[in-house]
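Trainee: I am new to this structure. Please show me how to read it.

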Amino acid sequence: MDNYNEKLDLKIPEHVAVILDGNGRWAKKKHMPRTYGHMQGSKVVEKMLYEVDDIGVKYFTVYAFSTENWKRSDDEVKTLMGILRTYLKDCVKKSMKNNVRCRAIGRKDELSDDIIDAINNLEEETKNNTGLTFTIAINYGGRDEITRAVRKLSCEVARGNLKPEDITEDMISANLDTNYMPDPDLLIRTSGEQRLSNYLPWQLAYTEFYFTDVYWPDFNREELLKAIYKYNKRERRFGGVKED
Ligand code: IPE
Ligand code: IPE
Ligand code: MG
């Protein structure tokens, strides 16, 4: 679904999803530790929140930590969790000021207790805000999310509440962590990689993809607008045929 921004003369995707990538390489280029890149990257997330809100995006969903990112060194995982902890806490005040509703998706139960508390607190405090919906994917993996949904539906089948042939796509969507949001219209991945890395595989079925070589810490309003211009040139057909 698109909104129109009269000032920019552009249709604006209702939902933008981002795979923020390249923090480590950005830092390396500057002869700095990877952790410096992550710190910078988290500041850019905050800036982009205001930018997407300003141009009229309604849902903004960012990939902060994947179920595969535990493979990184203990030091890096610790730093990333530390940044998230601070971010989640600071986010409450800023979101209240800007009317942003915050949510987290992913395997919350595997996170440390204080991070779970910070997520629950952020979600609870901001739940009645009516502006931008900001979702952070933490310990998120699309296959894990689908597996959990399949388990929930199988339980209903095992209890005799549901017949396998009655399972619909909508029921699967409703059992995913993302059940409160529309599917993304635009996916942006920075740093030159062109893969999903287990991000929202179900939800991105008809999303337009935009890849850029820019590392996430260098991403800004200008780069966002480039992605939106490209999106405006795409013709979304959803399997149909273009009407002349
Ligand atoms: C993205 O930057 C942030 C996370 C995955 C948490 P990376 O840390 O993947 O940076 P590169 O890809 O190694 O440069
Ligand atoms: C994807 O980036 C995960 C996040 C951005 C949180 P990665 O850097 O972990 O992905 P790969 O390893 O390049 O596929
Ligand atoms: Mg990476």
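Mentor: Start with a term. Helices are DSSP runs of H or I with at least four residues, numbered from the N terminus. Keep in mind that this is a predicted model.

Trainee: Which helices each supply at least two residues of the shell around ligand 1?

Mentor: They are α1 (23-29), α2 (34-55) and α3 (74-98). The most comes from α1, with three residues.

Trainee: How many residues surround ligand 1?

Mentor: A residue is near a molecule if one of its heavy atoms lies within 4 Å of it. Here, 13 residues surround ligand 1. The closest are D21, G24, R25, R34 and R72. By class, the shell has five charged, five polar and three nonpolar residues.

Trainee: What lies 2.7 Å from an oxygen atom of ligand 1?

Mentor: For polar contacts, look for N or O atoms within 3.5 Å. At 2.7 Å, a polar side-chain atom of R72 faces an oxygen atom of the ligand. The side chain of D21 has an N or O atom 2.8 Å from a ligand oxygen. N23 uses its backbone: a polar atom there is 3.2 Å from an oxygen of ligand 1. Alone, ligand 1 exposes 380 Å², and the protein buries 88% of that.

Trainee: Which pocket does ligand 1 take?

Mentor: Its space is the largest pocket.

Trainee: What about the whole chain?

Mentor: Count the elements: seven helices and eight strands. The radius of gyration is 19 Å, close to the 18 Å that the globule rule gives for 244 residues, so the chain is as compact as a globular protein of that length.

Conventions: Residues are numbered from 1 along each chain as its sequence is written. Chains are lettered from A and ligands numbered from 1 in the order in which they are written. This is a predicted model: local features need pLDDT of at least 70, side-chain atom pairs count only at pLDDT 80 or more; totals for chains, interfaces and linings use all residues. Side-chain values use heavy atoms; hydrogens and water are left out. A polar contact is a pair of N or O atoms within 3.5 Å; within protein, one must be able to donate a hydrogen and the other to accept it, and residues adjacent in sequence count only if both atoms are side-chain atoms. Accessible areas come from the Shrake-Rupley method with a 1.4 Å probe; for residues, only the protein chains shown count as cover. On a 1 Å grid over the protein atoms alone, a cavity is a set of points where a 1.4 Å probe fits but cannot get out, and a pocket is an open set with protein on both sides within 12 Å along at least five of seven lines; lining residues have an atom within 4 Å of a point. A molecule sits in a cavity or pocket if more than half of its atoms lie within 2 Å of its grid points. Ala, Val, Leu, Ile, Met, Phe, Trp, Tyr, Cys and Pro count as nonpolar, Asp, Glu, Lys and Arg as charged, and the others, Gly among them, as polar. The radius of gyration is taken over C-alpha atoms; the globule rule is 2.2 Å times the number of residues to the power 0.38.
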